[in-house]
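Please look over the sequence and the structure shown here before reading on. The briefing below is written for a reader who meets them for the first time.

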Amino acid sequence: MSTSVGQVSAQPTHQPSVKPGEGTDVPPQESGIDIHTTAGKLDDLHRRLDEAVHAASQKAVEKQHAKGRRTARERIDMLFDEGSFVELDELARHRSTAFGLEKRRPYGDGVITGYGTVDGRQVCVFSQDFTIFGGSLGQVYGEKICKVMDLAIKTGCPIIGINEGAGARIQEGVVSLGLYGEIFRRNVHASGVIPQISMIMGSCAGGHVYSPAVTDFTVMVDGTSNMFITGPDVIKTVTGEDVTMEELGGARTHNTKSGNAHYMGSDEEDAIEYVKALLSYLPQNNLDPAPAYESPADLEITDLDRTLDILVPDGANQPYDMHEAITAVLDDEEFLEVMALFAPNIVVGFGRVEGKSVGVVANQPMQFAGTLDIDASEKAARFVRFCDAFNIPVLTFVDVPGFLPGTDQEWNGIIRRGAKLIYAYAEATVPLVTIITRKAYGGAYDVMGSKHLGADVNLAWPTGQIAVMGAQGAVNILYRKELKEATDPEARRADLITEYEDTLANPYLAAERGYVDGVIAPHETRTEIVKALRLLGSKREILPSKKHGNIPL
């Protein structure tokens, strides 16, 4: 009995003709399929698609699950809206004949590519499959990634790379290296055009780690993901160092020490949920606005606003948590922090004001008194540049006593690295609103979104202290001789410190000169930010024409 096209099942009724992962060419007729009929051709298609979906052996899948890791397809299912994912190049296979590879030609070649929606918004993706050739990159594998990256750039939608692979496919030699280069070039060209997010969901080594390094955000998973250029065995051979994979390149290492990662998920589900949350603050591309919600602010002062009046302690050296100031001005007190475990003396992340995305940069007095060091400067600079590239306004909260002193900082380039933050603020053309809550000393005052670098609206709390340096240091320098000759040096020093604070360490001299646009009560901060951003919504600023600047790298 013949079967009409409309009755053909979506799933083949036959058993796969090859073992999963082998992908050898088997003539359709040996599978009992008559490809000379329409129904037979459809059955052959379903056979091939089924083989592609089950390219990994059950043993390989079980091994992946035993490590606490999902498969490439399971990760895609977790990320995308149900039923929205469209796979590309599902039937692509490698063409290599070296080292017996012609005997293993699984469909997909170890990477799944395609597009779909995340919370209703279009996103492109590639998900590397460790169960096929260890996720190693060959020619077809690389071509698939390049193709979906080109599609993302052309259509102006974010791209997410789910990474897990052992580097270049050795059997394919220089071709593998060439395709890595093609991917890196696309990462660079896409930078500042579409958001690029990398997820490290297992072990990534060699060339596999450079693409994530160029992308905007990198997310890892605690205990199950790692990345490094050279593994522990090579390091042991070359340098004699004994180090585990987790110590060398685990999620905690890259989130706390190297700064290569922006978030550490407790598990893969947590990592994917963070990426979804991150996407909700980002535009599709550099020409589109970020997602916005109708949420007009009530400008009446609330009890939450008034908590800011008692946030800054009376003692100049007493810490407080800058998160309280940040959340008090954001919609629903929601703040998505980025790089929370790295350089905690500065805080960066995303929130919303009147339903519109904003980026936040803030000194954190709870860590190193909020001083700027090498890591904090680079962390903040890259975040400001990302916000500027994608037209997201930047709110800056300032309580900074200066740059962190020490030979380690000086010898490792605090001058050059601190200059990155100057560069980032000075080239930014997005709305810039700065609030000085307490200390704004020395060059750090300039660096942290000052009026002099181009900030649009600069405000200070009455607790603001804008000066070349702190009172104690200034008095010790200015009155060294007088203090040496004083009958009671400590009493005299205390008097001079009070005089200095009353005369210079306040926001009013800056206000007189227009370096801050106003001194406001802390409880007015949210209201003033709302008003400023409403005004700056139509800001237009064009920098001098040039190919590109030369940021101090």
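What follows is a short briefing on some strands and surface patches.

This is a predicted model, and what is said below was computed from it.

**Strand β2 and its partners**

- Strand β2 spans residues 111-118, and because seven of its eight residues are buried, this strand is largely enclosed by the rest of the structure.
- On one pairing, strand β1, which covers residues 86-88, joins β2 in the antiparallel sense over three bridges, and within this pairing Glu87 stands opposite Gly114 of β2.
- Strand β3, made of residues 121-128, also pairs with β2 in the antiparallel sense, here over eight bridges, and Val111 has Gln128 of β3 opposite to it.
- The strands β2 and β3 form a hairpin in which two residues lie between them, and in the turn Asp119 has a positive phi of about 50°.

**Strand β5 and its partners**

- Strand β5 runs through residues 196-205, and since 10 of the 10 residues are buried, where buried means under 20% relative accessible area, the strand is largely enclosed by the rest of the structure.
- Strand β4, at residues 159-165, is joined to β5 by six bridges, with the two running parallel, and Ile160 is found opposite Ile197 of β5.
- Strand β6, at residues 217-221, pairs with β5 in the parallel sense over four bridges, and there Met199 has Val219 as its bridge partner.
- Strand β7, at residues 226-228, is joined to β5 by three bridges and runs parallel to it, with Ser203 standing opposite Asn226 of β7.

**Patches on the surface**

- A nonpolar patch on the surface is formed by Val174, Val175 and Leu177, which together have about 280 Å² of accessible area.
- A patch of negative charge on the surface brings together Asp495, Glu499, Glu501 and Asp502.
- Of these residues, Asp495 has its place in helix α19, at residues 489-503, and with 47% relative accessibility Asp495 counts as partly exposed, because this value falls between the cut-offs of 20% and 50%.

Definitions and conventions. Residues are numbered from 1 along each chain as its sequence is written. This is a predicted model: local features need pLDDT of at least 70, side-chain atom pairs count only at pLDDT 80 or more; totals for chains, interfaces and linings use all residues. Side-chain values use heavy atoms; hydrogens and water are left out. Patches are made of residues with over 30% relative accessible area and no salt bridge: like charges are joined within 9 Å, nonpolar side chains (Val, Leu, Ile, Met, Phe, Trp, Tyr) within 5 Å. Accessible areas come from the Shrake-Rupley method with a 1.4 Å probe; for residues, only the protein chains shown count as cover. A salt bridge is a side-chain nitrogen of Lys or Arg within 4 Å of a carboxyl oxygen of Asp or Glu. Lys and Arg count as positive and Asp and Glu as negative; His and the chain ends are not counted. The place of a charge is taken as NZ of Lys, CZ of Arg, CG of Asp or CD of Glu. Buried means under 20% relative accessible area, exposed over 50%, partly exposed in between (1.4 Å probe, protein chains only). Two strands pair if DSSP finds at least two bridges between them.
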